[in-house]
Amino acid sequence: MKTLKLLTALVLVLTLSAFTINTDTKGYGIGDIATDFSLENIDGKMVSLSDYKEAKGFIVIFTCNTCPYSVAYEDRIEALNKKYASKGYPVIAIMPNNTKVKPGDNMEAMQQRAKEKGFTFPYLMDKGQTVYPQYGATKTPHVYVLQKTEKGNMVKYIGAIDNNYKDATAVTETYVEDAVYALLNNTAIEIKETKAIGCSIKV
């Protein structure tokens with residue numbers, strides 16, 4: 001009986017330890033303050049969140065050229081920027097993949113894709129792959145809605161753009177839009193976290 005109790009306690013300790021380790025490495029949670037960054041845009045300029053003096057917050061989206069999920073969302077990402085940038089919540093797109101593994105995501109390819117699609121938002125490269133681990137992004141696309149506060153850029157929503165990556169016309173839950181709408185109207189965000197659906201980030 002004592003042995004069983006000891007084993008149970010040991011398993012519990014190991015489980016808690018594993019959970020603690022995962023928590024430390026998973027990135028931001030709701031309510032955390034996101035650290036600013038300086039990443040190269042497709043126009044060659046360095047971009048930071050602090051550059052946006054008039055912004056009320058940001059729609060930070062980790063995305064890329066080569067993932068079919070990201071491609072399926074490109075028009076919706078552009079629509080988000082067109083709708084909310086002028087209201088204080090611009091889209092900041094970040095390409096997190098290792099370009100040696102995915103050469104189709106290199107800077108030249110990013111520039112070409114942005115030109116083809118007419119992106120109106122910055123499309124930044126996470127060169128060195130230092131930013132996406134801070135956020136805890138694991139997929140493309142993976143979204144973080146931030147709100148400017150006195151403490152800094154606070155994470156308010158994490159997850160998917162909506163609930164149907166296959167068909168924009170079949171969407172019934174617009175998670176990112178709902179979150180930004182709530183922030184603009186000083187109301188509670190009903191769904192703060194969802195599971196990001198997409199391709200794994202290539203390291």
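Biologist: How many aromatic pairs does a search of the whole structure find?

Modeller: This is a predicted model, where local features need pLDDT of at least 70, side-chain atom pairs count only at pLDDT 80 or more, and totals for chains, interfaces and linings use all residues. Residues are numbered from 1 along each chain as its sequence is written, and side-chain values use heavy atoms, leaving out hydrogens and water. Rings of Phe, Tyr and Trp (its six-membered ring) pair if their centres lie within 6.5 Å; planes under 30 degrees apart are stacked, over 60 edge-to-face, and the rest tilted. With that rule, the number of aromatic pairs is 8.

Biologist: Is Phe58 buried or exposed?

Modeller: Phe58 forms an edge-to-face pair with Tyr52, with 85 degrees between the planes and 5.7 Å centre to centre. Buried means under 20% relative accessible area, exposed over 50%, and partly exposed in between (1.4 Å probe, protein chains only). Tyr52 has 24% and so is partly exposed. Phe58 has a relative accessible area of 0%, so Phe58 is buried.

Biologist: Which strand does Phe62 lie in?

Modeller: Helices (H or I, at least four residues) and strands (E, at least two) are DSSP runs, numbered from the N terminus. Phe62 pairs edge-to-face with Tyr135, at 5.3 Å centre to centre and 65 degrees between the planes. Tyr135 lies in helix α4 (residues 131-135), so the pair ties together parts 73 residues apart in sequence, and the strand holding Phe62 is β4 (residues 57-62).
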